[in-house]
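Colleague: I have the new model open and would like to go through it with you. Could you take my questions as they come?

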Amino acid sequence: MSTAAPAERGPLGGVRVVELAGIGPGPFAAMLLADLGADVVRVDRPGGPGLGVDPAHDITNRNKRSIVVDLKSPDGAARVLDLAERADILVEGYRPGVAERLGVGPADCHARNPRLVYGRMTGWGQDGPLAERAGHDVSYIAVTGALGLIGRPGEPPAVPANLLGDYAGGSLYLVVGVLAALHHARATGTGQVVDAAIVDGTAHLSAMIHGMLSAGAWQDRRGANLLDGGCPYYGTYETADGGHMAVGALEEKFSAEFLRLLGLDDLQGARADLTRWPELRAAITARFRERTRAEWTALFADSDACVAPVLSLREAPHHPHLAARGTFTDHGGITQPAPAPRFSATPTALRTGPALPGADTEAVARDWDIPALTGDDRPTPAAD
């Protein structure tokens with residue numbers, strides 16, 4: 001059903017955002033802006049994005065409003081430009097040049113609204129030899145070196161869903177970029193284009209590791225380092241019931257407590273001796289297989305050993321700590337992550353469920369003062 005204009009809740013209350021519908025990192029970035037209180041109007045295309053996901057369950061469209069515009073129709077570009085004229089931020093995720101060909105590129109929008117922040121979300125970026133090529137998360141993180149970090153030696157790299165590229169290297173960098181540009185626009189009156197490429201953001205995420213590589217503290221191969229599972233006290237172990245425990249006992253005092261609770265005090269000296277790491281790993285592996293995940297969870301619950309159970313998506317909302325903080329919430333029958341981060345003075349809220357395509361046309365036309373969205377700008381027929 002159509003929603004009313006969002007209340008100005010959250011730190012971005014009063015900020016207007018136009019999202020040109022796409023898939024992956026663009027919608028997630030716009031969801032984050034909406035979660036933070038922005039009035040996000042998603043411009044859906046006729047027929048939807050083509051992923052086959054029921055729009056009523058597409059959580060990345062929560063807290064937004066939706067209209068449907070056919071950008072290939074004679075008046076499609078004009079409707080988007082009407083929105084851009086009244087917006088603070090516009091987000092699009094087309095291949096380079098597509099928005100320009102549709103008549104809604106940066107030059108078109110800035111001619112109507114010089115203060116507009118125009119956010120562009122792509123995998124390869126707006127230029128470079130691969131800019132025109134298709135790709136997906138796994139393609140982008142592969143060439144940055146990030147994918148090659150993940151997994152066991154001797155096995156293919158493990159694919160981290162689409163969290164690392166689409167959302168961490170893509171969406172979050174787009175949000176940082178458009179908010180920084182919005183700050184500049186409000187100070188100077190001048191908008192700009194933000195070129196957010198997943199390859200750039202993912203590469204940027206590996207800054208610390210590149211520093212360690214330069215210093216000789218990181219080997220350029222999988223499963224041989226402190227943070228990539230090569231270290232026996234930083235990784236995952238199988239339990240007696242087929243579950244897993246995650247171990248992050250990096251510091252000496254934490255690893256000491258970890259080994260003490262495992263009953264492996266006699267191996268404390270193996271921590272700093274790389275030649276004994278295989279021995280230490282074998283002992284830890286064998287010990288974890290002696291009890292169930294629940295039993296190990298209980299044993300480590302009140303310790304600083306930095307050990308936690310590896311939970312599934314359906315289990316995670318029921319974890320006692322996450323439940324106490326309200327990290328997950330239920331809205332409209334859908335269990336989902338609550339908005340993050342949290343603000344003391346301008347709290348965020350999950351105001352509405354996923355915006356259904358075109359459901360909010362009349363409300364947006366009214367609130368943004370664009371009668372043409374509903375066709376109400378047509379001349380009144382002359383009286384006979």
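Colleague: Which residues of helix H5 are buried?

Modeller: This is a predicted model, and in it the buried residues of helix H5, which covers residues 137-144, are Asp137, Tyr140, Ile141 and Thr144. They lie on the same side of H5, because the arc they cover around the axis is only 90°.

Colleague: What covers the buried residues of H5?

Modeller: The cover includes helix H6 (163-188) and helix H7 (198-205). Just after H5 comes Gly145, which takes a positive phi of about 90°.

Colleague: And helix H11, which residues are buried there?

Modeller: In H11, residues 293-300, the buried ones are Arg293, Trp296 and Phe300. Their arc around the axis is only 65°, so they too sit on the same side of their helix, H11. Ala294 and Ala298, on the other side of H11, are exposed.

Colleague: Why would residues three or four places apart point the same way in an α-helix?

Modeller: Because an α-helix has 3.6 residues a turn.

Colleague: What covers the buried residues of H11?

Modeller: Among the elements that cover them are strand S8 (244-248), helix H9 (252-262), H10 and strand S9 (307-309). Trp296 and Phe300 also belong to one aromatic cluster, together with Tyr237, Phe258 and Phe288.

Colleague: How many aromatic pairs are there?

Modeller: The count comes to 9 aromatic pairs. In the pair of Tyr233 and Trp277 the ring centres are 6.1 Å apart and the planes stand at 85°, so this pair is edge-to-face. The pair links distant parts of the chain, since Tyr233 is in the loop between H8 and S7 while Trp277 is in helix H10 (residues 277-288), 44 residues apart.

Colleague: Are those two buried or exposed?

Modeller: Tyr233 is buried, with a relative accessible area of 6%, and Trp277 also counts as buried, at 12% relative accessibility.

Colleague: Changing topic, where is Arg222, and what is the nearest side chain of opposite charge?

Modeller: Arg222 is placed in the loop between helix H8 (207-214) and strand S7 (234-238). Arg222 is buried yet without a salt bridge, and the nearest side chain of opposite charge, that of Glu155, is 7.6 Å away.

Colleague: Which backbone oxygens lie by the polar atoms of the Arg222 side chain, then?

Modeller: The backbone oxygen of Glu155 is 2.7 Å from a polar atom of the Arg222 side chain, and for the backbone oxygen of Gly148 the corresponding distance is 3.1 Å. Leaving aside neighbours within four places in sequence, Arg222 is in contact with several residues, including Leu149, Ile150, Pro156 and Asp228.

Colleague: What about the backbone, which residues other than glycine have a positive phi?

Modeller: Asn63 is one of them, with phi near 60°, and Cys306 is another, also with phi near 60°. Asn63 lies in the loop between strand S2 (39-44) and strand S3 (64-68) and counts as buried at 2% relative accessibility. Cys306, in the loop between H11 and S9, is partly exposed, with a relative accessible area of 36%.

Colleague: And which peptide bond is cis?

Modeller: The bond from Ala340 to Pro341 is cis, with omega near -5°, and Pro341 lies in the loop between strand S11 (334-337) and helix H13 (361-367).

Colleague: Last one, how many helices and strands does the protein have?

Modeller: The secondary structure comes to 13 helices and 11 strands, and buried residues make up 42% of the 384 residues in the protein.

How values were computed. Residues are numbered from 1 along each chain as its sequence is written. This is a predicted model: local features need pLDDT of at least 70, side-chain atom pairs count only at pLDDT 80 or more; totals for chains, interfaces and linings use all residues. Side-chain values use heavy atoms; hydrogens and water are left out. Helices (H or I, at least four residues) and strands (E, at least two) are DSSP runs, numbered from the N terminus. Buried means under 20% relative accessible area, exposed over 50%, partly exposed in between (1.4 Å probe, protein chains only). Lys and Arg count as positive and Asp and Glu as negative; His and the chain ends are not counted. A salt bridge is a side-chain nitrogen of Lys or Arg within 4 Å of a carboxyl oxygen of Asp or Glu. A polar contact is a pair of N or O atoms within 3.5 Å; within protein, one must be able to donate a hydrogen and the other to accept it, and residues adjacent in sequence count only if both atoms are side-chain atoms. Contact means heavy atoms within 4.5 Å. The arc is that of the directions from the helix axis to the C-beta atoms. Rings of Phe, Tyr and Trp (its six-membered ring) pair if their centres lie within 6.5 Å; planes under 30 degrees apart count as stacked, over 60 as edge-to-face and the rest as tilted.
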